[in-house]
Amino acid sequence: MANQSFTKSVLKKTIIGIIIGGILVVAAQQTHFPPIFQIMFFIYAMLGSLVFILLDAPPMKRLEGVKALGALLVFYVLLSGLYIAGASILPQFDPADEAGKIEKILKIRKARSEQGKADELIARAKVLDERAKAITAQLSSLGAGAQVEVASTSGAKAPASGDIIAKGKEQWELQECYNCHKLFGSGGKKRGPVLDNIGSLMTPEALREKILNPKSWMAEGFDKQYEKGKMPDKYRDLMFEEEINALVAFLSTLKDTSVETPKPIKMN
Amino acid sequence: MVLGLLIGGAALAYGQEVPAPQVDFPYTGNRTAVWVVANLHILFAAFILGAPIFAVVAEWLGYKNNDPKYDRLAKEVIKVTVILYSMTALTGGLFLFVLLGTYPDFSTWLIQHFFLVFAVIYPLLFILETIILYTYFYSWDSMKGRLKGRHIALGILLNIVGTVTLFVIDGPTAFMNTPAKAAEGVSLVEFVSNAGLWDKMANYSWMPLNLHRLVGNVTFGGFIAGLIAAYMFMRSKTDEERSYYDWMGFVGNMIGVGALLLLPFMGYLLAYELCDYDASICPYMMADQLSMFFEMQGAMIGLIFLASNYYIWLSLKRIEGVDQIRMSGYVALSVLFMPAIMGMAWKMFPPPEWQSLIFLAATVLVPVMLGKIPGLKNFTVSAFTMIKIGFLMIVVADAIWMTPHGFVATQGLATHEVELPEWAQELALMPAKNAAAFTLVFLTIVNYIMYNRAIKRGTIIWGKIDFASQFVLIFLAFSAIWTMGLMGTVRSLTRKYFHVYNLVPDFTPEAFTPTLSYSAWWITGVTIVFYAVVSFAILVTLKPASSKVEAH
């Protein structure tokens, strides 16, 4: 009897869930929610249904011994599968996109770091060279003609030159300026001003000053963001001189007067 | 000549240096290997720090109320803790070896920056904690009666040392996320080079991380106590034992959920400080590479709240006289409108502006006051109706929590086909998320208040709870551990391609954000390994025995 009543309850609640889900989907369609959100609303309706089915479920029979152990193992497998599947069904960020970007950022730093190591090696080689010369001199004084050769060390390659504005645009992408600033109609979430006409409003020197010291300028209407120090003051540490030059050169070319760009105000 | 050759040979040997072989972890790669071992270590560490907090509170309650059940509960939890203590040390050592082997330069750099912490303070604290823990456990029976107060004091001391240990080791961890913020005009490199130990320890995210982990550990301790109770309930042969472990599950769940209610706010505080440190971390977490990790977090939090309230539901069903329990209908109405009201309030007055507190107080207090006015107070709903409304709103609140701005892995790929329509964009913003979190917390508190009334007015029959409740307890522990793994992954990934954010870049090819799916596999793997070890420890440590304790 109890089982029959529960089956009826399951059916009833599933139907109610489908009806509510259907209503939500139609409402979402009418209010211009994309299909993915419509599916999501339907899933929530069915989740609600499942919850209400569980609320009225008859008590579970007690499990003991091997049965309890088996039920536990199945439960763990189901939970693990559910969480992995749930995480896998969501949109996945492609690491390859980021890896390319990171490689570009780190390449110059790595090269400089290797340059640093090379300098250290050269210094060590010089010490060894002097020691070898001393030994050679000592051997000569003993009448031997031994020679000690020290391998020459070449310096790191100079960075390749290129189009500075294109490099500046690349810096815009690499430093993820688009996260806060809207440009060419995309990016930005009101954290920072639109920059389409910034080249007409700020000199290259002022742009450089703002990047290196964000507190030096404030965009009109962005008082709160300015006070909270929303623009990170990390670029003076993170960017090399040529990267800053390139970014400034790129920003200086942004002179689209048709896009309203907040006026910069000199602060200190 | 011989002397010359000797000197020459010595010079050659001096000039040669046998380089250490490059370590490459098979299959997982170096970064995942460090991640897995660190995650495992943190889970064990969280257990040995969280369980004693739980235990000493239980011991104190037993002493205060003269109830031996609490004392037994506390002792059983500590017994498992003692077994797992060695696993914490073992995984800690393993973590150190793996880290040193795979990232030798960075490990050395970090150890040198925090040398006093790693070489002196932390080991001393760990030794002290070990001594106190074992003394606390082995003196349990000898310090009964009039010495009980001293034994509880020893437990409190254990927790103080444990908490200090946590705070100390959080310093370098938080430093990796938010190294000291440089003063104006001084570069970060220069600042850190000259900074003292305290400057590096007391960084932006240190205290938020401490609080988040401390509360998380209490939650963890409560849910693990629930897990112990569930296993033992299943193994129990007598009604008396079942009665005791049913009660233990109830206490574990109550403490776990009680601390869980604070966790969203602690997490918010930590995220707030990270964003305040560097505004670019925020979009990275919420809108870009990690946005779907937070989507998954929303799903997990929703499931945990659903499960904890379902446990209350199952508990209520075995209380005789629960049909008589009623709740003000205004509270039910308040719950129904809470996401909308609080969403609007936080949109107008975003935290930390105080004006939103007026709305908050009104939403909470007005229904209670209306319920006391003669003529209006008759508008009531039954306990079961209230809980059903609560479940409906948990689903609604979680739907709001999980509604993203766009169903894409990163906003750079967003198109109109996957984005919220313009008019509904508020659903994806923080005021809506805060309102959803607050609704979940408020609902759970209301359910517990009702449950408490039911226990006081009705008769609770311990041991007669629906068997499904034991799976709910196991579900809660598993899901809480999984969520800890997920959020730990998120915290580590916010360093992006740096070992120490903005300071020490990670030049290895693995320095990228892994996919959520890949992360989920490893988080699940770590959770299962941890669960297997804890389950084994519970099964070998505790045996169901006939108890003289009268559960009532």
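Mentor: A residue is buried if 20 or more other C-beta atoms lie within 10 Å of its own. Keep that cut-off in hand for this predicted model.

Trainee: Does A:Phe37 count as buried or exposed, and what is its count of C-beta neighbours inside 10 Å?

Mentor: Start with the place: A:Phe37 is found in helix H2 (residues 35-55) of chain A. The cut-off for burial is 20 or more. A:Phe37 counts as buried because its C-beta neighbours inside 10 Å number 25.

Trainee: Which residues does A:Phe37 touch, not counting residues up to four places away in sequence?

Mentor: A:Val25 is 12 residues away in sequence, with a C-alpha to C-alpha separation of 8.6 Å. The contacts themselves involve both chains. Leaving aside residues up to four places away in sequence, A:Phe37 touches A:Ala28 and B:Leu420.

Trainee: What is the phi of A:His32?

Mentor: A:His32 sits in the loop between helix H1 (2-30) and H2 of chain A. It counts as partly exposed, because it has 13 C-beta neighbours inside 10 Å. Most residues other than glycine have a negative phi. A:His32 is not a glycine, yet its phi is positive, at about 70°.

Trainee: Where is B:Lys496, and is it buried or exposed?

Mentor: Its backbone has a positive phi, near 55°, in a residue other than glycine. The place of B:Lys496 is in the loop between H18 and strand E5 (498-500) of chain B. With 21 C-beta neighbours inside 10 Å, B:Lys496 counts as buried.

Trainee: Which helix gives the most to the side of chain B that touches chain A?

Mentor: The contact takes 60 residues from chain B. Several helices of chain B each supply at least two residues of that side, including helix H1 (2-15), helix H13 (291-317) and helix H18 (468-493). The largest share, 7 residues, comes from H13(B).

Trainee: How do the residues of the side of chain B that touches chain A divide into nonpolar, polar and charged?

Mentor: Again, chain B puts 60 residues into the contact. By class, that side has 6 charged, 12 polar and 42 nonpolar residues.

Trainee: Which residues touch the most other members of the largest nonpolar core?

Mentor: This core has 204 residues. Helix H2 (residues 30-65) of chain B gives the most to it, with 21 residues. Domain 1 (2-89) and domain 3 (164-266) of chain A both give residues to this core, so it lies between them. Those touching the most other members are B:Phe54, B:Val77, B:Ile224, B:Ile228 and B:Ala477.

Trainee: What does B:Ala477 touch, not counting residues up to four places away in sequence?

Mentor: B:Ala477 is one of the core residues that touch the most other members. Its partners beyond four places in sequence are B:Phe223, B:Ile224, B:Gly226 and B:Leu227.

Trainee: How far apart are the C-alpha centres of domain 1 and domain 3 of chain A?

Mentor: Chain A has three stretches: domain 1 (2-89), domain 2 (94-160) and domain 3 (164-266). Take the centres of domain 1 and domain 3 of chain A. Their C-alpha separation is 49 Å.

Trainee: What is the radius of gyration of chain B?

Mentor: Chain B has 19 helices and 6 strands. Its C-alpha atoms fill a box of roughly 110 × 65 × 40 Å along the principal axes. For 552 residues, a compact globule would have a radius of gyration near 24 Å. The value for chain B agrees, at 26 Å.

Trainee: What share of chain A counts as buried?

Mentor: Chain A has 10 helices and 2 strands. In chain B, buried residues make up 50% of 552. For the 268 residues of chain A, the buried share is 22%.

Trainee: Where in chain A is the pLDDT below 50?

Mentor: The average pLDDT of chain A is 84, and 83% of the residues score at least 70. One stretch has a pLDDT below 50, with 26 contacts in the model beyond near neighbours in sequence. That stretch is residues 144-161 of chain A.

Methods:
Residues are numbered from 1 along each chain as its sequence is written. Chains are lettered from A and ligands numbered from 1 in the order in which they are written. This is a predicted model: local features need pLDDT of at least 70, side-chain atom pairs count only at pLDDT 80 or more; totals for chains, interfaces and linings use all residues. Two residues are in contact if their C-beta atoms, placed from the backbone, lie within 7 Å. Helices (H or I, at least four residues) and strands (E, at least two) are DSSP runs, numbered from the N terminus. Ala, Val, Leu, Ile, Met, Phe, Trp, Tyr, Cys and Pro count as nonpolar, Asp, Glu, Lys and Arg as charged, and the others, Gly among them, as polar. The radius of gyration is taken over C-alpha atoms; the globule rule is 2.2 Å times the number of residues to the power 0.38. A residue is buried if 20 or more other C-beta atoms lie within 10 Å of its own, exposed if 12 or fewer, and partly exposed in between; C-beta atoms are placed from the backbone. Domain bounds come from an automatic or database domain assignment. A nonpolar core is a set of buried Ala, Val, Leu, Ile, Met, Phe, Trp, Tyr and Cys residues joined through C-beta atoms within 7 Å. pLDDT is the predictor's confidence in each residue, from 0 to 100.
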